[in-house]
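Here are some notes for a colleague who has not seen this model before. Please read them with the structure open.

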Amino acid sequence: MFFSEQEKEALYKVIYNRRDIRTFLADPIPADVILKILHAAHHGPSVGFMQPWNFILVTGEATKARLAWAADKERRALAIHYEDQRKEQFLSLKVEGIQQAPLTICVTSDPTRGGSHVLGRNSIPETDLLSTACAIQNMWLAACVEGLALGWVSFYKKNDVRDILDIPPHIDPVALLSVGYTDKYPSKPLLETANWEKRRELQELIYHEHWGSEN
Ligand SMILES: Cc1cc2nc3c(=O)[nH]c(=O)nc-3n(C[C@H](O)[C@H](O)[C@H](O)COP(=O)(O)O)c2cc1C
């Protein structure tokens, strides 16, 4: 397969510019655009081609309010992991935009899909979740090129989300994705701007031949 220089540049451009977004406009998303990003997700790789994902599209205000409640409850509970200034900083971070975004997509993973002997999953069972994460990343990149903002929310108790969305106990609600248009698409990760974390030096993460060996 051959890609032109322009196509290559476009791919790297979307990889470098994709951001996690938590501030949304109320503008509705055309149905065909939603379908495009779901198709992108569905073309992600998966262990043994098991395609363990489902996508629950939530636009109802009452349901979004319940999901936002579950996320906020968890955010407040997680504050116990921090003390003093770091705790204040944590509590000041905006970690979700569920109610603001016109659409929330709950992406689930079904560990039973494909039966008990999915090729390649016998050795590392969590490869079903890894596959679902690949689908989400595809969707995130597709959303970015469609001019859509997407925010990954993982602050919630899975059983709260199962209860709210009637998800059976064996299905894993992997992510709540807030999707919509935004007028604030930053060039840097929000956590970097908030001085919470910064991008590590790639060179320090590359080892040669052995763990820990820089050359
Ligand atoms: C598995 C996963 C879970 C995440 N959960 C949350 C979350 O609950 N709340 C949040 O604000 N951001 C969440 N994020 C977004 C990250 O904070 C964000 O990707 C990171 O800060 C880097 O910023 P960028 O995505 O804009 O490059 C999550 C990202 C991933 C991959």
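1. In this predicted model, a nitrogen atom of the ligand lies 3.3 Å from a backbone N or O atom of Trp152. Phe155 also has a polar backbone atom involved, at 3.4 Å from an oxygen atom of the ligand.

2. With Arg19 the side chain takes part: one of its N or O atoms is 2.8 Å from an oxygen atom of the ligand. How much of the ligand does the protein bury? Taken alone, the ligand exposes 620 Å², and 73% of that is buried by the protein.

3. Around the ligand are Arg18, Arg19, Asp20 and Arg22, together with Val95 and Trp140. The list also includes Trp152, Val153, Ser154 and Phe155, as well as Pro189 and Leu191.

4. What is the make-up of this shell in nonpolar, polar and charged residues? The shell around the ligand has 7 nonpolar residues, 1 polar residue and 4 charged residues.

5. For residues 15-181, UniProt gives the feature "domain: Nitroreductase", and the entry is unreviewed. Across residues 15-181 the chain is 41% helix and 16% strand.

Conventions:
Residues are numbered from 1 along each chain as its sequence is written. This is a predicted model: local features need pLDDT of at least 70, side-chain atom pairs count only at pLDDT 80 or more; totals for chains, interfaces and linings use all residues. Side-chain values use heavy atoms; hydrogens and water are left out. A residue is near a molecule or strand if one of its heavy atoms lies within 4 Å of it. A polar contact is a pair of N or O atoms within 3.5 Å; within protein, one must be able to donate a hydrogen and the other to accept it, and residues adjacent in sequence count only if both atoms are side-chain atoms. Accessible areas come from the Shrake-Rupley method with a 1.4 Å probe; for residues, only the protein chains shown count as cover. Ala, Val, Leu, Ile, Met, Phe, Trp, Tyr, Cys and Pro count as nonpolar, Asp, Glu, Lys and Arg as charged, and the others, Gly among them, as polar. UniProt positions are given in the numbering used here, feature names are shortened, and annotations may be inferred rather than shown by experiment. Helices (H or I, at least four residues) and strands (E, at least two) are DSSP runs, numbered from the N terminus.
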